[in-house]
Amino acid sequence: MHRVMFVSSTGGHLNELLQLKDLFKNYDYSLVTEKTKNNIDLNKKYRHVHYLIYGTKDHILTYPFKLLINALICIYIYLRERPEVVVSTGAHVGGLMLLIAKLFGSNVIYIETFANIHTKTITGKLVYHFADLFIVQWKDMLKLYPKAKFGGWIF
């Protein structure tokens, strides 16, 4: 059975990622997200749940430190799980894990968020250059990401 890691930041990105939960049963999967009071019980519903430190780029003073710590945690989680494929809907922690996965030789699948119809996300701009499969949920986004595949809505 293939080992697949599903990764996203908390909130809307995680809600999008969890729309793929029917796929989880087909794989030896793990789930990685940020730890918040809203998703602390994910490990009761899903197996192999790993948590990262919550922190958005809006917290300008602490974000670089949290990003560095999360990078180290991501490397640990990645080496522990050894996924063949890493799937992410973004944002910052998703992009971070995808970069680590690519450096260690895993296939990388990125799903650009449903929330953006006409503009690129920061994570999308970065990941587009190395993703093995880059999926958009709006046909108009193919103009911005010409090598992407249109996958339709995951909601």
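1. Lys143 is exposed, with a relative accessible area of 68% (exposed means over 50%, buried under 20%, partly exposed in between, using a 1.4 Å probe and protein chains only). Its side chain meets that of Asp140 in a salt bridge, 3.9 Å from N to O. A salt bridge here is a side-chain nitrogen of Lys or Arg within 4 Å of a carboxyl oxygen of Asp or Glu. Asp140 is partly exposed, at 36%.

2. A word on the model. It is predicted, so local features need pLDDT of at least 70 and side-chain atom pairs pLDDT 80 or more, while totals for chains, interfaces and linings use all residues. Residues are numbered from 1 along each chain as its sequence is written, and side-chain values use heavy atoms, without hydrogens and water.

3. The salt-bridge count is 6. Among them, Asp132 pairs with Lys102, with the closest N and O atoms 2.9 Å apart. Asp132 lies in the loop between α6 and β6 and Lys102 in helix α5, so the pair ties together parts 30 residues apart in sequence. Arg3, Asp28, Arg47 and Glu81 are linked in a network of salt bridges.

4. Now strand β4, residues 85–90. Of its 6 residues, 6 are buried. Helices (H or I, at least four residues) and strands (E, at least two) are DSSP runs, numbered from the N terminus.

5. β4 runs parallel to β1, joined by 5 bridges. It also pairs with β5 in the parallel sense, over 4 bridges. Pairing requires at least two DSSP bridges between two strands. Ser88 stands opposite Val7 and opposite Tyr110 in β5.
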